[in-house]
Structures are given as C-alpha cells and as structure tokens.
Amino acid sequence: MNCEICGREIKGKGFKIVVEGSEMTVCPSCKQYGSERKPSIASQPGARRVVLKKKKSSTKIEFQDELIENYHLIVRREREKRGWSQEQLAKKIQEKESLIKKIENAEITPEPEVVEKLERLFNIKLREQIPEVKVEGRSKRLSPTLGDIVIVKKKKK
Ligand SMILES: [Zn+2]
C-alpha cells in the first residue's frame with residue numbers, strides 16, 4: 001500500500017486520516033496533514049454524518065506549515081557538516097543534484113515531500129507552524145442550525 005499523500009510505500013499499517021473531508025490512507029510522516037479519523041463515525045460512502053457542534057466558537061485557529069526563513073542555509077549547513085557534496089545529498093534523498101543546488105540558493109521552494117526527506121535525513125525541522133485565525137468560515141454555507149446538531153453531508157471529491 002502506498003501513502004496517498006507522498007506516494008511512499010507504507011510499512012506496516014497506514015494511518016487513516018481525513019483531509020478536507022476526504023479520507024486517505026497515509027504513512028506516519030504524512031498523518032500530520034489531516035485529522036485522524038474518529039472510529040465512531042460511520043464512514044460509508046455517501047453516508048450522512050451527524051456532527052455535534054459547539055455553537056459558541058465561530059473563530060477557530062488553524063495551523064499551517066511554513067518553511068522557515070533560512071531553510072536553504074540550514075540545508076547547506078547540515079550538508080557541509082557531514083562533508084557531503086550536493087550530488088551526494090541528492091543521491092541520499094533520490095533527487096537531482098540541480099534541485100539541491102536550487103534549494104540551497106533559495107531559487108525554488110522545495111516540494112513538501114522534498115522538505116520532509118531533508119528533515120528526516122538531517123533530523124531537523126525546516127518548517128514551523130503558523131497559526132491562522134479563521135473567523136466564521138465555511139459554516140455560513142450550512143443550513144440553519146437545529147439546536148446544536150448540524151447534519152453535514154459528506155463532501156465528495
Ligand atoms: Zn506519506
């Protein structure tokens with residue numbers, strides 16, 4: 001079985017998570033991208049879900065991963081610390097040498113999968129979580145609230 005986010009083979013059991021309403025099976029390192037599926041909720045395709053919603057919170061904070069400012073310098077530093085050439089580093093994460101060059105020169109923003117590989121290889125963090133406050137987002141589209149029970153039709157993608 002392969003991870004539905006990064007495409008890597010999942011060793012052992014995958015994690016079932018929910019990303020923007022769709023269920024995915026992912027590897028341990030990608031499970032942070034979604035919320036873990038609650039086993040108590042029926043997951044039949046097209047099934048209606050009854051979600052208990054606390055009415056009071058119309059403001060919610062979401063966290064977004066963002067690359068830290070000097071990620072390219074850190075990549076270079078970590079690589080040089082180990083005495084690797086850009087080519088050697090590229091081989092270790094199965095990417096092209098030209099990509100490493102561009103990352104270290106901050107010419108491109110690396111894909112999340114590449115960032116993840118670098119983080120794992122060097123055992124460092126290249127991302128930080130930026131809190132984002134959302135006020136009264138998608139709840140506007142829902143039908144009027146009946147008491148505190150909202151029936152949400154499962155989103156199809
Ligand atoms: Zn993955």
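E119 and K125 are joined through their side chains by a salt bridge of 4.0 Å, N to O; the term denotes a side-chain nitrogen of Lys or Arg within 4 Å of a carboxyl oxygen of Asp or Glu. E119 is buried at a relative accessible area of 6%, whereas K125 is exposed at 57%; buried means under 20% relative accessible area, exposed over 50%, and partly exposed in between, with a 1.4 Å probe and protein chains only. A network of salt bridges with shared partners connects R76, R79, E80 and E104. The count of salt bridges comes to 13.

The model is predicted: local features need pLDDT of at least 70 and side-chain atom pairs count only at pLDDT 80 or more, while totals for chains, interfaces and linings use all residues. Residues are numbered from 1 along each chain as its sequence is written, and side-chain values use heavy atoms, with hydrogens and water left out.

Helix α4 (residues 112-122) contains both E116 and R120, four residues apart, about one turn of the helix. Their side chains form a salt bridge of 3.2 Å, N to O, and E116 is buried at 5% relative accessibility. Helices (H or I, at least four residues) and strands (E, at least two) are DSSP runs, numbered from the N terminus.

Three strands form an open antiparallel sheet in the order β2-β1-β3; strands pair if DSSP finds at least two bridges between them. β2 (22-26) and β3 (35-36) each have a single partner strand, so one side of each lacks a neighbour in the sheet. Within β3, S35 is the bridge partner of V18.
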